[in-house]
Amino acid sequence: MTIHNISHFIEGFQRFQTKYFDGESKLYDKLSSGQKPTTLLIGCCDSRVDPALLLDCDPGDIFVIRNVANLVPPCNEAGNQQGVSAAIQYAIEALNVKRVIIMGHEKCGGIRALMQGYTPSPKLDFIGRWMTIVEPVKQQVLHQLVSCSSDEQNRACELGAIILSLNNLRSFPWVAEREARGELALHGWYFDMSNGALLAYSERSDTFLPMVCPLGIAHHQ
Ligand SMILES: [Zn+2]
């Protein structure tokens, strides 16, 4: 569905209003006094990967940060106005979430821009500067998968970027401390868009394993 008319959004809010403010649902009676999400989810801005839709969540379930290519920058006190780091700190310290999910996805435009090059405006290249976070992964992929197709290289970079972001999360002291005490779990997930499947990073095997298989395959395993 392609939405050309803003009335679609207004009608959408009316359906949301009916669902959560009319009749049985008392969810916002509870939520209006404060949020208590147990999960921080870091996802991509991409319109096809809305975390609440993908995971079928209600309001209040997940605290979400979305940015280009679902990246976590390394902890760096010197930088100014770091929205991602601020939101991570709020989720960890103020909301005391118990888990963080970094949710990457296939066919990510940010990763494609990094791998294939895309400079919308050389004078103000915010995308290029942001994506330098993943430059080490790009170099590794180009070195190791030199003869692979660009699709294969991009997928490897999408997966590698999730692992890099998990490591960058641990560079924030309050993340590392809570994880060491067993109070915080870190997860790397990958939405395989072509197949409608979900993969999860296994630290033990250092690879991404199927968590939800494509329809029609799951029943045969
Ligand atoms: Zn993306």
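Predicted model: local features only at pLDDT ≥ 70, side-chain atom pairs only at ≥ 80, totals over all residues.
Let me begin with the overall layout, in which the protein chain is divided into domain 1, residues 1-34, and domain 2, residues 39-220. The C-alpha centres of domain 1 and domain 2 lie 28 Å apart.

Now to helix α4, which runs over residues 83-94 and has twelve residues. At 1.5 Å a residue α4 should span 16 Å, and because its end C-alpha atoms are 15 Å apart, the model agrees with that expectation. Which residues of α4 are buried? They are I88, A91 and I92, and since these cover an arc of only 90° around the axis, they sit on the same side of α4. The exposed residues G83, A86 and A94 are carried on the face of α4 that is turned away from its buried side. As for what the buried residues of α4 pack against, the partners are β1 (39-44), β2 (62-67) and α9 (173-180). Just after α4 comes N96, which takes a positive phi of about 55°.

If we take V100 and leave aside its neighbours within four places in sequence, we find V100 in contact with L40, I42, L169, L184, L186 and H187. As general background, nonpolar side chains in soluble globular proteins tend to be buried together.

Definitions and conventions. Residues numbered from 1 in each chain as written. Helix = DSSP H or I, 4+ residues; strand = E, 2+ residues; numbered from the N terminus. Expected span 1.5 Å × (residues − 1). Buried ≥ 20, exposed ≤ 12 C-beta atoms within 10 Å, placed from the backbone. Arc of directions from axis to C-beta. Contact = placed C-beta atoms within 7 Å. Domains from an automatic or database assignment.
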